[in-house]
Amino acid sequence: MNNTKNCLFYFTRVAFVILIAFFFSFAVRLGARVLIKFAGASNPIVQAVFFDRPDLSGKEVGTGVKVNFAEMYPFGESYEEIKQRALAVNPNVENVQNAEAAEKVENIQVAENAGNIIAENVQKKQKESKIFAKINKIDEKCDKFTGKIAGIRNKLETWLSENIVCRYFFLEKANYGEKITKWNLSADLYNPVVKLNNGYFSLLQKRLDTFELRKSIVRFADFLQSEDIPFIYVQAPYKISPLDTVYSGVRDFSNQNSDDVLNYLQQNGIKTFDLRQKLIEENKNFPEMFYVTDHHWKAETGLWATKKIAEEINRQTALFIDAEIYNPDKFDYKVYKNALLGSYGKKLTVAKTPADDFTLITPKQNYDIHFEAYDKENQLANNDGDFIAMIDVPTLESKQLYFSSPYHAYGYGSCNNFVTNYSANNNYRVLLIGDSFSNVFAPFLALGIKNLDRLDLRYFNGSVETFVKQAEKYDLCIVMYNPDQYAQTPGFVSHEELFDFR
């Protein structure tokens, strides 16, 4: 009995010490992360703290040039707010493209008719509008507050998970154990990756209410129309085909959510292009267009999509892009074996799946390119040269499967790009807004146009409308998202949301 008590005594003490050590490591790592953020570089102490995180311990942030998009492109009244105020004065203003001018006209008319019954009705409507506006502002403040709380909680949970000491060492060993014992320790709530029938891994998307994000896209299209900028919404595919009978519409609703978005946009007169249909027309195998261990499409698929989108731009707009430059035979291909362990693979670890091969695709033709890349605080690159100027070579050649991905070498990953192609045979200016699927799309698209500006709104905290107004006039705006993003219904809380186009 005494031996049992002694064992229990020492066991609880050891467990307590380990728990304290883990909490202490979190505190130390938090301080080191803050140091990296504000110093923009690491030092020997930081490298010691993050001995198991090569992605952080030796990282320097960009070129040292700081940016503040929120100050460069400040928020004012959005186009939608101006238009709604004008509509409160005169409902017929809906037929006028320039809402600001319409509002001025209506203000003059109201002044001329002051004192008559029309003016009284206008004033009544304005009072009602003010009341509703106050109610809406209260609702918005409540939504923003709850959104911030939820955001803080999610960031905290993610941060704690990512900063466990030797996280992938323990996770990998646990997965090896699970593979041997077949105990299925990784429950779906923790690790909801499924293996499709053809051996590819994926997540399954829930049925979503996409109404808010659909409205946001329509409002942005309305704004672009007021600026006389053509607009196309491109639907990127998901790993699961609309023709799939095992998952689509049964356990996965990525295609149904996409259909809701496209149908709504088309009903509102917005030009769309559905890459899923092109894949079906060409009898492509959907999963094979993606990496086995990742949710992203392959670089080869990005090149294929670029040609299809260029052809669609030529069909739906007055622009003409030479789509022949995107033919596969005009590029060289360098394969990096077992180089990419994607978002699903990092959860499963190499205990359960080998890494994917990755292909660097470069044009055989020489190009004269100036390329800049920015996250929301720093300039990541300011390069001149050939196509390789748009490639983050250290990320491409990194062999850290758990902490890096060569996919994010294209275009320097998910960030904001500004490309000038001096070799282009046109003077087109195109604005591309998209998610990480644009990583292996934007650099290829840039080969066919003079100027390409690419925004990832998660890393652009300024006003998109102000950005568009301040830029030299665009010949076209493209928005492209994959169905995985439709779960991110805009809360309009942080101005760092994919569908917040204000």
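This report looks at the salt bridges in a predicted model.

## Ground rules

In this predicted model, local features need pLDDT of at least 70 and side-chain atom pairs count only at pLDDT 80 or more, while totals for chains, interfaces and linings use all residues. Residues are numbered from 1 along each chain as its sequence is written, and side-chain values use heavy atoms, with hydrogens and water left out.

## Salt bridges overall

You'll find 16 salt bridges here. The term means a side-chain nitrogen of Lys or Arg within 4 Å of a carboxyl oxygen of Asp or Glu.

Take glutamate 281 and lysine 278, which form a salt bridge at 3.5 Å, N to O. Both sit in helix α11 (residues 275-281), 3 residues apart, or about one turn of the helix. Helices (H or I, at least four residues) and strands (E, at least two) are DSSP runs, numbered from the N terminus.

Glutamate 281 is exposed at 60% relative accessible area, and lysine 278 is partly exposed at 24%. Here, buried means under 20% relative accessible area, exposed over 50%, and partly exposed in between (1.4 Å probe, protein chains only).

## Pairs between strands

Lysine 337 and aspartate 357 also make a salt bridge, with their closest N and O atoms 2.9 Å apart. Lysine 337 is in strand β5 (residues 331-340) and aspartate 357 in strand β6 (residues 356-363), so this pair ties together parts 20 residues apart in sequence.

Then there's aspartate 453 with arginine 429, at 3.7 Å between the closest N and O atoms. They link strand β11 (residues 451-455) to strand β10 (residues 429-434), 24 residues apart. Aspartate 453 is buried at 8%, and arginine 429 is buried at 14%.
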